[in-house]
Amino acid sequence: MSRYARLWASARNGVSSVMQRCEQRTQFLKPSTGRLTCLAPHKQMSTFPQPKRNATSPVTWATLGVFLAVGGGAAFYVHLEREKRSQVVEKRKAKTAGAPAIGGPFTLVDVNGNSFSNSDLFGKWVVLYFGFTFCPDICPEELDKLTEVIDILDKTPDMPEVTPVFISVDPNRDTPEKLKEYLLDFHPRMIGLTGPEADIKKTAKAYRVYYSRPEENSDGDDYLVDHTIIMYLLDPEGNFCQYYGQIYTAEDMATGMVKFIRERTKSATAIETSSAGGSGLLDFFSQAWENLVSPSK
């Protein structure tokens, strides 16, 4: 049974109970002796003419009308707030409905050799970048830019902490030890991930990242890896939000992220406030009604 149905049932039962008590308290009989007898509380009354007594009740028609009017208004307000919340959720779904299916579960290895999965990032805003440590120019430049972006976000008021993540597309050379040493030159919060070739391919495919390297290396470890140059913003649920190509500056990226995160945070706060406020009003009026119709002791 819904909260509205329970509230209406309580009101209906309460009114019935109150009216029965009012009838019991005001019901008098005139026997043949001419003496007035009150059925409740079962006492003989004086033979002298008795003044009319006003039956007292915890609820009058006036207070009942006021309570129902105010309660109905509160229920209507709760309904409107829930409609607004539904509209916000639907708008959010509409924004993501046409978005490409980017991302998914993965399990890799961090710089300490420990298993690390996408679920370890839940609850955090994340900027994800794929590259390799032997990259001579582009990867260092992009990671420097990412470090600058995180520094800007950290200095922006009311911004949640954003975690940078670097995933290697060259696991043959990028061991956990190598990755750990390489990332010392960039942001201290940056998480480095590598792992078996099969897991790297699966992760790159999930995030629509292309990479390739020579099948046979005549020069041993001296080779380059061709890969997509792109960064992804992920929300605390691990969902893809926005992407930033190489042409974006650190300022452009930071501005876009601040705007998106604030809008998302604002809508989420509005939904929580609406839900809490609506539940609080229903609880208040339910308790008020129970107190109103309960017989005084």
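Student: How many bridges join strand β11 and strand β12, and in which sense do they pair?

Tutor: Strands (E, at least two residues) and helices (H or I, at least four residues) are DSSP runs, numbered from the N terminus. Two strands pair if DSSP finds at least two bridges between them. In this predicted model, local features need pLDDT of at least 70 and side-chain atom pairs pLDDT 80 or more, while totals for chains, interfaces and linings use all residues. Residues are numbered from 1 along each chain as its sequence is written, and side-chain values use heavy atoms, without hydrogens and water. Here β11 (residues 230-234) and β12 (residues 240-245) are antiparallel, with five bridges. L233 lies opposite Q242 in β12.

Student: Why does the span of helix α3 agree with expectation?

Tutor: The expected span is 1.5 Å times one less than the number of residues. Helix α3 (residues 138-155) has 18 residues and should therefore span 26 Å; its end C-alpha atoms are 26 Å apart, which agrees.

Student: Which residues of α3 are buried?

Tutor: Buried means under 20% relative accessible area, with a 1.4 Å probe and protein chains only. Among those buried in α3 are L143, L146, I150 and L153.

Student: What does L143 touch?

Tutor: Contact means heavy atoms within 4.5 Å. Not counting residues up to four places away in sequence, L143 touches Y129, F166, Y182, L183, F186 and M190.

Conventions:
Buried < 20%, exposed > 50% of the residue type's maximum accessible area, 1.4 Å probe, protein only.
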